[in-house]
Amino acid sequence: MPTWEARELSPGSSPGYRFVLRMQAGDETRPGGRTARPSFADSTRIRRIVGYSAANMTDSDPAEQEFLGTSAAESADDSPTDGRYAAIFAALDQAVIVVDADGRVELANPVAVSMLGLGEDAVPGALVRDLALDFSGADESPIDECLRGGVAVEGRMATMIAPAGRRWLSCSCRPLDDGADGVMVSIVDITDSHQEASRLEWEATRLDWEATHDFLTGLLNRAGIVRAIETFSGRLTSPGDSVVVHYLDLDSFKIINDSLGHTVGDEVLKEVGRRLQRTLGDDAAIGRIGGDEFVVVRLVDNDPAARLDGEVSRIHRTVNDPIEVDDHSVRVSVSIGIAVVRAGTDHPSATDLLRDAHIALFQARTTSRGRRYVRFRPEYRLDLQRRQRIEHELRETLTAEPRQLYFDYHPIIDINNGHRAVGLEALVRWRHPELGLVSPSEFLSIADRSELIELLGGHVLDTTVREFTGHEGTAGLSLSLNFSRRELANPHFLPQLEMTLGENDLPPGRLCIEITERVLAADDNAGVLATLAAVRAMGCQVAIDDFGTGASTLSEFYRLPISIIKTAKAFVDALDDGDRAEMMLSGIVATSHAMGVQVIAEGVETSRQAAAIERVGCDFAQGYFYAYPQRLANIG
């Protein structure tokens with residue numbers, strides 16, 4: 001191809017640039033060199049610049065300056081349009097190269113030379129495939145694609161390693177407009193915008209992860225589990241498909257936190273999460289949605305009933321194995337509630353299905369201890385709704401309408417001294433204007449699961465002591481009150497007890513605090529025992545109620561601050577069945593007396609039972625055979 005070439009000028013002593021210009025002329029090659037200056041006839045027009053590069057230089061000698069100035073002027077005079085194009089091309093702030101049909105760089109502007117690290121002799125002639133452009137993931141570069149197809153390619157991503165580090169580039173190519181074979185390539189450095197976009201994308205991904213995952217375990221959180229249920233529910237296409245939600249609760253996990261610390265507790269939670277992931281695999285969505293509660297969601301493609309037992313067994317095995325944390329070996333058990341929705345049915349929303357599984361878990365924890373799991377049934381939801389209403393109404397009653405609560409008093413009889421009453425046990429009753437007479441076993445169990453039991457206990461203590469001391473018929477009698485473990489653990493219990501006794505002038509010896517055997521059987525009962533010891537030190541009596549239904553044994557009584565035991569009604573009922581029950585009760589009485597503990601036989605309803613408890617030496621009795629619970633006004 002005929003060209004005119006102005007070779008590189010030698011550097012001088014002052015700052016400037018040196019240029020290498022390779023231009024295509026008309027039909028002939030005009031000689032040139034350091035000292036020769038080309039002259040163009042009118043018929044010879046510069047068709048296009050085919051090579052251009054620039055670099056720093058010092059002052060050139062006068063001949064070189066004259067050459068540059070004159071040649072630039074003559075070029076401008078001969079071809080003003082081409083001169084303007086060359087000036088614009090050199091001034092562009094984006095990299096531009098021209099690549100010929102053979103894949104060689106014909107032309108590169110200063111930005112391209114600097115960006116691509118082209119040497120001074122690389123243009124023209126450098127192979128474009130040797131440039132430091134990495135179009136990873138593409139079958140061919142956009143330059144080759146444009147050369148091959150003759151169609152413009154826009155905005156392809158490329159990377160390159162520059163001295164300052166990795167750069168991200170946007171590369172666009174289009175065929176030359178003059179019909180010549182080749183393409184013009186523009187390259188824009190988009191590193192800043194790419195990094196900002198990547199940062200924003202990473203930030204959005206991080207925020208989405210945090211919104212759907214539990215920070216401690218890395219498992220899904222409640223929002224993530226709800227999303228997983230929605231996803232699985234959307235895949236219910238075949239008649240046999242089902243979504244199964246397992247709601248898990250670690251039993252007695254609070255003891256681990258309280259005894260070994262939250263650091264150990266956190267490690268236990270993380271290990272349980274890892275075990276569930278290993279055991280159930282990637283096809284299950286696993287989450288921790290608060291405290292010690294986990295959820296597992298699975299899509300089952302056949303009858304889930306046939307698989308539930310096996311799945312639950314695997315969960316129990318993997319959770320129950322010892323967990324080693326530092327120097328501690330910890331075991332945890334798990335309660336499980338399950339809710340299932342089948343394809344082709346009007347299935348609930350994801351939040352409703354999760355709620356149903358939690359209701360089943362509640363049922364498993366409260367009424368089904370020992371069962372491996374409880375599957376949700378609609379009546380459980382009705383039960384929970386009633387419990388929620390009772391809790392709400394009881395709270396309203398205690399704060400606004402305490403007169404709905406009243407007390408019956410059940411006499412305690414001295415069976416060895418004329419069968420006279422020596423004490424009264426206060427029993428709280430609740431008559432609601434809409435719900436009617438609510439069973440104590442119902443509302444007391446609900447209150448015991450929240451701070452309501454403390455509000456109720458405070459009301460019971462204040463009201464009964466005031467009623468008891470204000471009634472003439474109670475002279476010489478003792479008052480027995482029942483308290484829960486939660487109430488005894490309250491640091492305000494002892495001060496309130498002491499204040500109530502003082503305000504009502506009730507001697508401590510006339511008050512008996514009753515607790516169930518289950519309270520003493522708890523693993524973390526040190527605080528309760530300390531409270532009971534303080535109660536005994538005040539001079540009050542302490543009784544174990546329903547003895548024989550829990551885990552306590554007579555051999556442990558020596559360390560318990562008690563003065564009375566009340567045998568469970570089951571012992572008295574068994575007296576009607578034969579002599580063995582009477583022998584067992586006789587042994588309890590003898591051992592108790594040997595330790596200075598008195599015995600009350602509870603639940604006596606027949607004359608045969610009354611005669612038997614007298615024979616075995618019980619001190620006191622309580623039951624319908626002697627008297628029914630009644631209002632205080634009817635006593636005395």
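Colleague: Which residues does Ile-613 touch, leaving aside residues up to four places away in sequence?

Modeller: In soluble globular proteins, nonpolar side chains tend to be buried together. In this predicted model, Ile-613 is in contact with Ile-415, Leu-575, Leu-585, Ala-601, Val-604, Cys-618, Ala-621 and Tyr-626.

Colleague: Which members of the largest nonpolar core touch the most other members?

Modeller: Ile-613 is one of them, together with Leu-511 and Cys-618, in a core of 69 residues. Helix H13, spanning residues 452-470, supplies the largest share of this core, with seven residues.

Colleague: Let us turn to the strands. Do E6 and E7 run parallel or antiparallel, and how many bridges join them?

Modeller: Strand E6 (residues 153-162) and strand E7 (residues 165-175) are antiparallel and are joined by eight bridges. Within this pair, Met-157 has Ser-170 of E7 as its bridge partner. Two residues lie between E6 and E7, and the two strands form a hairpin.

Colleague: Which residue of E8 stands opposite Cys-173?

Modeller: That residue is Val-185. Strand E8 covers residues 182-189 and pairs with E7 through seven bridges, again in the antiparallel sense.

Colleague: How should the confidence values be read, and where does pLDDT stay under 50?

Modeller: Where pLDDT is low, the predicted coordinates should not be read in detail. The average pLDDT of the protein chain is 82, and 83% of the residues score at least 70. Over residues 1-78, however, pLDDT stays under 50. The model has 143 contacts beyond four places in sequence for residues 1-78.

Terms used. Residues numbered from 1 in each chain as written. Predicted model: local features only at pLDDT ≥ 70, side-chain atom pairs only at ≥ 80, totals over all residues. Heavy atoms only, no water. Core = buried A, V, L, I, M, F, W, Y, C linked by side-chain atoms within 4.5 Å. Buried < 20%, exposed > 50% of the residue type's maximum accessible area, 1.4 Å probe, protein only. Helix = DSSP H or I, 4+ residues; strand = E, 2+ residues; numbered from the N terminus. Contact = heavy atoms within 4.5 Å. Pairing = 2+ DSSP bridges. pLDDT = per-residue confidence, 0-100.
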